[in-house]
Amino acid sequence: MIVLESVSFAYPEHDPVFVNLNWEVARGEAWAVLGPSGCGKTTLLYLLAGLRHPTSGVIRIDDQEQTGPRPRTGLILQDYGLLPWATAYKNVTLGLQIRRFYGPDGKHVMLPVHHPRYECLCSTIFLRLSLIQQEYKYPAQLSGGQRQRVAIARTLALNPDLLLMDEPFSSLDAPTRESLQNLTFELRAEEDLTTIIVTHAIEEAAILGEKIMILNQPPNYQPVFIKNPDAGQVDYRHRPAYYEMCTKLRQHLEVNQ
Amino acid sequence: MRRRDVLFGAIAILVIWQMAALIVNEPILPGPIEVSRAFIEEMRGELPQHFLVSTWRVVASVLLAVALAAPAGLILGQSERLNRLFSPLVYLLYPIPKVVLVPVILLLFGIGDFPKIIIIFLILFFQILVLVRDSAASIEPKTLLSVRSLGAGRRALFRYVYLPASLSAILTALRQSVGTAVAVLYIAELFATQQGLGYYIYLNGNTLFDYPAMYAGVVAMSLLGLGLYFTVDRLEHRLTPWKFVE
């Protein structure tokens, strides 16, 4: 589904973050990108979201070369990126409002074309994400977990097939984090999503990534790829295999540093 | 603020005023009852005309300031390059007390409403410009990126991000500066006009020595200031309710 061919990227007047990076993600896979702060994880996500462009090389998603934000790619950022002046409902429907605002201009066009009325769609999403009765609250009135659910709901409202998440649960308490990690896996199965989650937390990468990419301090030429096929299974976080995976990831990070 | 608290404050002011009038016991400080009587009397005369003229001047200044300062602030707030270019100018001009320019502006623009509107406009313009610019510039890059990832281009970013953010800044600037605007209106109306509450207060106080009538003018000017303040306050609650949630 996603192919990165010899992708290099550098911010202006900075050393390169990626040099000739090659990577393939198949449809439906759950990836975690793990690395220390400043390793370029978030930059990688921006590249995939079409918000930044490679200095050389090509990114293809569904055989289309990435030139800008893609209608069916959902991006969820650390600290949620919600609009403080909009209610939960307005935040969730923001993407739909934006697409209606432009009309069928070919660039921001809504997919699929025959979309149900978005009020119905959104009430289903609110129900699924346990946000009923929170619709008319502002982000400041919601808990961290609820705000993150709103951010997820906003992305789901656009019927995505690819979900990109940047440290989505890092500021949440442990029980909320675990419930949202489980939710992410459930949604992935229900909505047939490909997920790429970027994190600096070893435990989170082990829970959410069936495949894990480990990045080093830049420039990144040859990341390490690790398979973690048991991720997402019920009770995985309580099994010895999970602890072994955490140890393995920790060793890789330490070696790289 | 609750209505009951406002009412309580008003009663407290009236009581203090009455006590001060009793203690001073001079024509220069009549009590609230006498002034109310004069106010009702003057409202049947020329006072409403002066009130309307002052209201028009201050409202026109506000509208002009919002119309010019808000877009300018938005442009500067969005463009780092333009902001770098203009910020020294704004930095130097913003703290100048514009009221000292009254004689200059009167000389330049002559009599009539225009110079008065210009003076108040200058004060509001910089307040709104600076607040709108700073609020547009301080929008989190992550907020912009996440809205862009939903498909927003420049126009949608303006509609869904910059506009609501600057609306809030405009109202905050207005709330902070309507008091100053009315004070400057008073100064501006002392010169080269025979209309407006400033003129009316000065005429009755310093020429006719009709103190109750002068105070009727003071009350009218206070009501104008309060009315504007309450209007902005109501607008702020209605248009930016998210700032008041608990």
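1. Buried area is the accessible area that two parts lose on being put together, summed over both. In this predicted model, chain A and chain B bury about 2400 Å² between them, and 67% of that area lies on carbon and sulfur atoms. On the chain A side, Leu51(A), Trp85(A) and Phe101(A) lose the most area to chain B, together accounting for 27% of what that side buries. The contact draws 26 residues from chain A and 23 residues from chain B.

2. One salt bridge is found across the interface of chain A and chain B. Asp166(A) pairs in a salt bridge with Lys142(B), with 4.0 Å between the closest N and O atoms.

3. The largest nonpolar core comprises 119 residues, and those with the most contacts inside it are Ile98(A), Leu129(A), Ile152(A), Leu249(A) and Ile128(B). Helix α8 (residues 154-188) of chain B gives the most to this core, contributing 17 residues. In soluble globular proteins, nonpolar side chains tend to be buried together.

4. The surroundings of Ile152(A) may be inspected individually. Leaving aside residues up to four places away in sequence, Ile152(A) touches Ile76(A), Leu129(A), Met165(A), Phe169(A), Leu180(A) and Leu187(A). Another core, of 31 residues, lies apart from the largest one; Leu44(A), Leu47(A), Ala49(A) and Leu215(A) are among its members.

5. Chain B also carries a nonpolar surface patch of about 700 Å², made by Ile75(B), Leu82(B), Leu85(B), Phe86(B), Leu89(B), Leu93(B), Ile96(B) and Val100(B). Helix α4 (residues 80-93) of chain B supplies the largest share of the patch, five residues. Ile75(B), by contrast, is found in helix α3 (residues 47-78) of chain B. Because its relative accessible area is 48%, Ile75(B) is classed as partly exposed.

6. Over all chains, the whole structure contains 19 salt bridges. In one of them, Arg188(A) is joined to Glu210(A), with the closest N and O atoms 3.2 Å apart. This pair links distant parts of the chain: Arg188(A) belongs to helix α6 (residues 174-191) of chain A, whereas Glu210(A) sits in the loop between α7 (202-208) and β9 (211-214) of chain A, 22 residues apart. Arg188(A) counts as buried because its relative accessibility is 14%, while Glu210(A), at 23%, counts as partly exposed.

7. Glu203(A) and Arg250(A) likewise meet through their side chains in a salt bridge, at 3.4 Å from N to O. Here the partners are 47 residues apart, with Glu203(A) in helix α7 of chain A and Arg250(A) in helix α8 (residues 240-256) of chain A. Glu203(A) is partly exposed, at a relative accessible area of 38%, and Arg250(A) is also partly exposed, at 33% relative accessibility.

8. In chain B, the side chains of Arg57(B) and Glu189(B) form a salt bridge of 2.8 Å, N to O. The two residues are 132 residues apart: Arg57(B) lies in helix α3 of chain B, and Glu189(B) in the loop between α8 and α9 (197-207) of chain B.

9. Finally, Arg27(A), Asp62(A), Arg70(A) and Asp161(A) are joined into one network by salt bridges that share partners.

Conventions. Residues numbered from 1 in each chain as written. Chains lettered and ligands numbered in written order. Predicted model: local features only at pLDDT ≥ 70, side-chain atom pairs only at ≥ 80, totals over all residues. Heavy atoms only, no water. Core = buried A, V, L, I, M, F, W, Y, C linked by side-chain atoms within 4.5 Å. Buried < 20%, exposed > 50% of the residue type's maximum accessible area, 1.4 Å probe, protein only. Helix = DSSP H or I, 4+ residues; strand = E, 2+ residues; numbered from the N terminus. Contact = heavy atoms within 4.5 Å. Patch = residues over 30% accessible without salt bridge, like charges linked within 9 Å, V, L, I, M, F, W, Y side chains within 5 Å. Areas by Shrake-Rupley, 256 points an atom, 1.4 Å probe, with all protein chains shown as cover. Buried area = accessible area lost by both parts, 1.4 Å probe.
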